[in-house]
Amino acid sequence: MGAPKQKWTAEEEQALKAGVVKHGVGKWRTILKDPEFSGVLYLRSNVDLKDKWRNLSVMANGWSSREKSRLSVRRVHQVPRQDENSMAITPVVPSDEEIVDVKPLQVSRDIVHIPGPKRSNLSLDKLIMEAITSLKENGGSNKTAIAAFIEDQYWALPGLKSMLSAKLKFLTASGKLIKVNRKYRIAPIAAYSDRRRNSSMLYLKGRQKASMKIDRDETNILTRSQIDLELEKIRSMTPQEAAAFAARAVAEAEAAIAEAEEAAKEAEAAEADAEAAQAFADATTKSAKGRKSPKRIHT
Amino acid sequence: ITLYESLCDQAGQDKARCLEVLQAEPQIVGAKDNVELCKLILEFGLKKGLEAQRFLKDAMMTTPSPAIVQCATSLYDGTIGSFKSSLSELAEDGQTANYDAKVAGDGPTTCDIALSNAKIVNPTISALNKDILLISKLAFLATDKLP
C-alpha cells in the first residue's frame, strides 16, 4: 500500500484478534466489512491485516524478543551490502516496538541442548505437536510413532521416552491433545471452553474456521490462536466468572502437574468432552465442505 | 523483447542471474501475458522451495544443527506456504499475491542469518537460499503489475 505507516494501536490489534476468532484466519475482507470491527479498522486494508497477523504469528512461532532484536540489528547492517535483502527486510524500528506490544511467547528452538526444565517442557510440547501434525495419521499418532519422529528429526534426547509419557499425559489433561485408543491427536478446542456448552459451540466454530484456513505452520499459529481464544473468552466474562475461570484453570494445572492419578481422571473427562467436540467439528467440516457457493454466510 | 527479459531488466544487480535462471525454464520464456508470467514464476518458486527443503532435510542428517533444522522446517514451510498462498490469490487479490510473493523471501533470508550465527558454511545451502530469494523478488516485481 502507498499509505504511510501507522503504528497498530492496542485497540486495532484487539479488533484483529477478535475478528479472527469470529471469522477465521484469512477472512481479512470479511473482518473489514463486519460492523463490529470496521469502526476500529477503517484505516486498514486487507493486506495490512494479513501482515499484522503474520507478524504476530512469527513472534509466537519461535522468535523471542531478544532474538528478534538481534536479528533486526543484523539486518540493518546487511542492507547496504546486499540489494536483494532490502526487498525482504521489514523496517526494524516498528518491529522492535511491536515486540513490546505483542509480548511474544517465549518458545525456545534450541532443541539439541535443552538447559532447564521449563525450556525443556516448552520444547517438548512443540516437538509433540509438530510430530502429530507432520505424521498426519488418521485418528492421531501413538507414543511410539511420536517418539520415533522426534528421534528421526531432532536426534535422540536423553530420557525422551519417560519425558514423553509424562508430557503426553499432561497435554491430554490440559486439553491440548485428545487420546483415543492410545492414539493422540491435537484437540480442536481448549478444554476449559468445553465446560460451557453454549459458548463452546461458538468458539468451536471460530476455531474450526481458523484451522481450515491455515496453510502454513498450523501448530504454531494454533498455539497463538488458542491463547487469544482464551483471552477473548475471559474478556467477555463478568468479574465473578473470570475469577472462577482462573481458579479452575489454576486448580486443573496444579492437579495435572502434581498428581498423575488425578491428571488421569482429568484426562478421561477431557477426552469425553473432546470426543463430543470433535464430533461437532467433524459435522461442521462436512457442512462447510458441502457449500459450493462463493458467498458464504457466517451465522 | 520478451516478458521475462523485461522483468529481468527491472531486477537491477540481479539481471544477469535472472536471465540465467529463467532461460532454463521454457514455459517462463514463452509466457504470453503478465498473469501467466506471474503464475509460472510462483510455481517455479514453489518447486525450488520444495527442492531446497528436501536438500535441507537431508543435510539435517549429516549436520546435527538446530539452525539447519530451523531452516528445513519452519523457515522453508513459511516460504513454501507463501508461494502457495500467492498463487491462490493471483486471480482474486493482486495486492495479497504481491505481499505473499515478497514475504516468501523471508525464509531464505532468515535461514542465512541463522546459519551465519551458528558459523555453518555450506555453499549449496547458500546458493539455494540466494536463488529462492531472487525468485521471490522476481515474483514480487511481476505481481506488482496486477490490478
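Predicted model: local features only at pLDDT ≥ 70, side-chain atom pairs only at ≥ 80, totals over all residues.
**Ground rules.** I number residues from 1 along each chain as its sequence is written, with chains lettered from A and ligands numbered from 1 in the order in which they are written. Local features need pLDDT of at least 70 and side-chain atom pairs pLDDT 80 or more, while totals for chains, interfaces and linings use all residues; side-chain values use heavy atoms, with hydrogens and water left out.

**Chain A overall.** I looked up the secondary structure and got 15 helices and three strands (DSSP runs numbered from the N terminus: H or I of at least four residues for helices, E of at least two for strands). Of the 299 residues in chain A, 46% are buried (under 20% relative accessible area; exposed is over 50%, partly exposed in between, with a 1.4 Å probe and protein chains only). I also checked contacts (heavy atoms within 4.5 Å): of those between residues at least 6 apart in sequence, 62% join residues at least 24 apart.

**Arg182(A).** I found this residue in the loop between strand S2 (177–180) and strand S3 (183–186) of chain A. Arg182(A) counts as exposed because its relative accessibility is 67%.

**Ala59(B).** I placed this one in helix H4 (residues 34–62) of chain B. Its 8% relative accessibility makes Ala59(B) buried. Beyond neighbours within four places in sequence, Ala59(B) touches Ile68(B) and Ile125(B). For Ile125(B), 66 residues along the chain from Ala59(B), I noted a C-alpha separation of 9.1 Å.

**Salt bridges.** My count over all chains is 15 (a side-chain nitrogen of Lys or Arg within 4 Å of a carboxyl oxygen of Asp or Glu).

- Arg29(A) pairs with Asp93(B) at 2.7 Å, N to O. The pair crosses between chains, from helix H2 (residues 28–33) of chain A to the loop between helix H5 (66–89) and helix H6 (94–103) of chain B. I have Arg29(A) as partly exposed at 37% and Asp93(B) as buried at 9%.
- Lys50(A) bridges to Asp100(B), closest N and O atoms 2.7 Å apart. This pair also crosses between chains, from helix H4 (residues 46–60) of chain A to helix H6 of chain B. Lys50(A) is buried at 10% relative accessibility, and Asp100(B) is buried at 0%.
- Arg17(B) meets Asp131(B), again with closest N and O atoms 2.7 Å apart. Here I noted a link between distant parts of the chain, 114 residues apart, from helix H2 (residues 15–23) to helix H8 (residues 123–143) of chain B. Arg17(B) is partly exposed at 33%, whereas Asp131(B) is buried at 17%.
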